[in-house]
Each structure stands twice: as structure tokens, then as C-alpha cells.
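Welcome to this short briefing on a protein structure. Take a look at the chains below, and then we will walk through them together, topic by topic.

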Number of protein chains: 2
Amino acid sequence: MKLLEERIRKDGVIKPGNVLKVDSFLNHQMDVELFDAMGAEFKRLFAENPINKILTIEASGIGIACVVAQHFHVPVVFAKKSQSINLDGESYITKVESFTHKRTYDVIVSKKYLNPEDHILIIDDFLANGCAVNGLIDLIRSAGATVEGVGIAIEKGFQEGGRLIREKGIHVESLAIVESMNDETGEIVFRS
Amino acid sequence: MKLLEERIRKDGVIKPGNVLKVDSFLNHQMDVELFDAMGAEFKRLFAENPINKILTIEASGIGIACVVAQHFHVPVVFAKKSQSINLDGESYITKVESFTHKRTYDVIVSKKYLNPEDHILIIDDFLANGCAVNGLIDLIRSAGATVEGVGIAIEKGFQEGGRLIREKGIHVESLAIVESMNDETGEIVFRS
């Protein structure tokens, strides 16, 4: 998606260790008009899929998912990290490793909000090693629901998450796929 | 707001200890079409305010804030709970007590995204004792920015947060104010 690639070139900051900071528009400050354009594009890309629910994970997936969901006219469910005492104990649970935070955490969804009849689109801001998305796929399959696809804002194409999920036969669409980036020159190459 | 009050009566669950569970439509599963109607109502209520940014707090405020922001054509910034190693160290920080999780945590916003020129609307799902909103007001004032108002989905009118914030002269609008609720009868009374 040209608009997102241009925005990454303009406002993204490449840091050592293959870190791409996009917190000025994607995951700390959020440009909801960009999210709206992303929603229209996801709707086009998943037009054939009978999606009735969007699943994301807190915190940075929630904003994108809610704006995208308006294009599909479906509710959003967000998976929570770590147990909250406000939940009933009636939850699907999986474990996800976070490289950003260097720890493993529990990811949970109430059983009330994932059902066997659900056809689910997963939405998240980043796909790198795929841990978060694989955790969400686990939760969906625990409920006997159907994964219709995965919609990602930015995929790090040089990490294996996207390839491994596509090899499982899952329909993955990333609006910008970074092939390589260089924190010294600031150069960034997108997959065409 | 009639639509929200009716939805709370229909789908809210009152639990002992003055807990109102609205996780089927507000803060776990999220009805984005309801959020859109809430956004239109906040736009009407804050029509006179020169708002250029919305501030919320992770996680359950983010979805509402992003859909509401589309009505104001402004970006959203969400305050993060606890330090993330992806932040630069250049952040405004305050402490917030959580009664739900029975602990105190740091709440932070990058200094890049709060500036003295900003006129900010705070959006959150719940207002009870006011700890989260007061933390966000602290962050805004640390930046020298202006608090234009506070927009809340559900206020627990029998707790003191809303009163104390209004007494500071801040414009608070809650779309539904619960005056009292009874977990045995299921009765709920809204402030008219």
C-alpha cells in the first residue's frame, strides 16, 4: 500500500537491531485517517472472506482493528496480556513470547467472545517472528472458530513469521513489507 | 446518551462490589458502530472546544478513542502502562493506582507527542475514582498543554472521581452516569 510505505519513509525511524519506530503515526500517536485508508484496503483484500469478527491483541493492535472493523461492520475482540481479575476464569489462554519486552506472557480471550461459528480476521500492527499472530491463531482454534485471514500493517519480510504463517495455508496480507533497512543510511526497501 | 444507557441495561452485568461488566460491547468485545455513535455525541458536546488531539490510556480506552477521533479529525495518543524498552527515555511519567488490578503503575507518554500548543480531549471507557483521568491530566499539564475536556463512556456517579474533576473546573461529559445499581435485582438507575 503506497500510502503506508510513503508514510514509513517519511516518519519511520530505523534504529540499530532492525528496530523500525513508527510511533509517531501507528502505535503510540495514531493517525486515524491513515487507519481508515488501511481499513478500506483490508476490506478490498479480504472481500471474498465471510468475516464476522476481528481479533487483535492489546495494546497497539486495538486502534487499527477498531477503525478497520468499521469497513467490515463487525465487532472487534482484543486478546488481553496476562490475567485480569475482572475476567471470569472462563477464558482461552495461550502463551506468547515478546522479543520487545524480552519475556513470555499469557494471552487470554473470554470464551464468550470466540465461538465455533466465528470467521475471524486477525489484525495487528507488526508481523516479525509471528509470535503474537500465532498466539491469536491458537486462541481461535481452541474455540473451534475459523481463521479467515491475517491483516498486518507492517511486516518485517526479513524475519520468518510471515513465511511460516503463509506456509500453513493462511491468507496473510501485509500493507507494507520491509525487505531490508539500514539504520546508518536510513535506507528502507519494500517488497514490491 | 439513550443508546448507551439502553445497551448497558440490555447487555451490562452487575456483579457484587459495584462492578459493572460491559465487556460484551465496550472493553473486551467492542461494538464499533456504538463507538461511532458515541463519537458523534462527543463531537456535539465538545463542539466549542478547539481540540487538536485525543489522549487515552491503554488498553480499553484505545478503541473508543480512535473511533471518536474520526469525528474530530485529530490524532490519538495513548499513554502506556509501565516502561517499555522501545521508548526513548524522553517521556512524561506519572503514577496511577488501579483498583481493578490492586496495584500502582507508571503511566508514560513520549514527550514528542504532548506539546504546549496541544488542546487535548481525554477519552476513556470508565470514570469511577478518577485515578486514570487524573493521571492523564497530570501528563498533559507536565507538557504545558491544555486540557479541553474529558469524555467518558460510563461514569460511576456514586464514586467521587467525576465530582472532583468537575470541581477543578474541567469540562467532563459522561455518556451514561450510573447513579446506583443492585447486583441482586439487576436494577440500574442512571442520572437524568
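A residue counts as buried when its relative accessible area is under 20%, as exposed when that value is over 50%, and as partly exposed in between. By that rule B:D23 is buried, because its relative accessible area is 8%. Please keep in mind that this is a predicted model.

**Where the two chains meet**

- In this model, 43 residues of chain B are in contact with 43 residues of chain A.
- The size of an interface is often given as the accessible area lost when the parts come together.
- Here chain B and chain A bury about 3,400 Å² between them, and 57% of that area is on carbon and sulfur atoms.
- Between chain B and chain A, 15 residue pairs are in polar contact.
- Several elements of chain B supply at least two residues each to the side that touches chain A: strand 2 (19–21), strand 3 (29–30), helix 2 (32–45), helix 3 (60–72), strand 5 (76–81) and strand 7 (103–110).
- Helix 3 of chain B gives the largest share of that side, with 7 residues.
- Sorted by class, the side of chain B that touches chain A has 19 nonpolar, 13 polar and 11 charged residues.

**Salt bridges across the interface**

- Side chains of opposite charge can pair when their charged atoms come close.
- How many salt bridges are found across the interface of chain B and chain A? The rule finds 2.
- One of them links A:D23 with B:K112, with the closest N and O atoms 3.9 Å apart.
- This pair runs from the loop between strand 2 and strand 3 of chain A to the loop between strand 7 and strand 8 of chain B.
- A:D23 is buried, with a relative accessible area of 8%, while B:K112 is partly exposed at 44%.
- A:K112 forms a salt bridge with B:D23, and the closest N and O atoms are 3.9 Å apart here.
- A:K112 counts as partly exposed, because its relative accessibility is 44%.

**A closer look at B:D23**

- You can find B:D23 in the loop between strand 2 and strand 3 of chain B.
- Leaving out residues up to four places away in sequence, B:D23 touches A:K112, A:Y113, B:H28 and B:Q29.
- The side chain of B:D23 also makes a polar contact with the side chain of A:Y113, at 2.8 Å.

**B:D118, another buried residue**

- B:D118 sits in the loop between strand 7 and strand 8 of chain B, and is buried with a relative accessible area of 4%.
- A polar atom of the B:D118 side chain lies 2.9 Å from the backbone nitrogen of B:N115.
- Not counting residues up to four places away in sequence, B:D118 touches B:N52, B:K53, B:Y113, B:A145 and B:T146.

**Helix 2 of chain A**

- Helix 2 of chain A has 14 residues, which at 1.5 Å a residue should span 20 Å; its end C-alpha atoms are 20 Å apart, so the two values agree.
- A:D31 caps the N-terminal end of this helix, with a side-chain oxygen 3.0 Å from the backbone nitrogen of A:E33.
- Among the buried residues of helix 2 are A:V32, A:F35 and A:F42.

Methods
Residues numbered from 1 in each chain as written. Chains lettered and ligands numbered in written order. Predicted model: local features only at pLDDT ≥ 70, side-chain atom pairs only at ≥ 80, totals over all residues. Heavy atoms only, no water. Helix = DSSP H or I, 4+ residues; strand = E, 2+ residues; numbered from the N terminus. Expected span 1.5 Å × (residues − 1). Buried < 20%, exposed > 50% of the residue type's maximum accessible area, 1.4 Å probe, protein only. Polar contact = N/O pair within 3.5 Å; in protein donor to acceptor, adjacent residues only side chain to side chain. Contact = heavy atoms within 4.5 Å. Buried area = accessible area lost by both parts, 1.4 Å probe. Salt bridge = Lys/Arg side-chain N within 4 Å of Asp/Glu carboxyl O. Nonpolar A, V, L, I, M, F, W, Y, C, P; charged D, E, K, R; others polar.
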